[in-house]
Amino acid sequence: MSENGEVVLQPEPEAGGIRESVRGALASFVPLSPGHVFPVPPDRAAVQDLVASCRKSTPDATEDEIVHFIHEKGAIAKRNRVSDPVSYLLTSVPEAFAGGEIARYRGEVKDNAIRAEIAKKKAEKGWICPQ
């Protein structure tokens, strides 16, 4: 387990273009089974199905975007004490790509990049960036 509480998986070769970041993000929401010290990571087929479902609605969906929504929806699952968080994620994450959530997220990322570029230019000119 990493310092921030996420499950760290041993790297495996990519299969079907899926990075371990998606599998690791999904694994961080797997509850412990009785008698286990570490959660059992989701199988590769479930991860591939998740990515395929996301890319069905949004073909250019990146792994980073999928990971973002796994964490966003995973926080909701934890807050609402969902009994089967992995099943919840396998259905709710693709819905984010089918609805307007992906457009909202991409807009936020773009706005943050613009603000960062403006702050960088101001810093290069010797201006002090507001805190």
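Biologist: What share of the 131 residues in the protein chain is buried?

Modeller: Buried residues make up 32% of them. Buried means under 20% relative accessible area, exposed over 50%, and partly exposed in between, with a 1.4 Å probe and protein chains only. This is a predicted model, where local features need pLDDT of at least 70, side-chain atom pairs count only at pLDDT 80 or more, and totals for chains, interfaces and linings use all residues. Residues are numbered from 1 along each chain as its sequence is written, and side-chain values use heavy atoms, leaving out hydrogens and water.

Biologist: Why is Lys73 called buried?

Modeller: Its relative accessible area is 10%, and the cut-off for buried is under 20%, so Lys73 counts as buried.

Biologist: Which residues does Lys73 touch, not counting those up to four places away in sequence?

Modeller: Contact means heavy atoms within 4.5 Å. By that rule Lys73 touches Tyr88, Leu89, Ser92, Val93, Ala96 and Glu101. Lys73 itself sits in helix 3, residues 63-79.

Biologist: What makes a run a helix here, and how many helices does the protein chain have?

Modeller: Helices are DSSP runs of H or I with at least four residues, while strands are runs of E with at least two, numbered from the N terminus. The protein chain has 5 helices and 0 strands, so the order from the N terminus reads α-α-α-α-α.

Biologist: Where does pLDDT stay under 50?

Modeller: Over residues 1-15, for which the model has 23 contacts beyond four places in sequence. pLDDT is the predictor's confidence in each residue, from 0 to 100. For the protein chain the mean is 78, and 74% of residues reach 70 or more.
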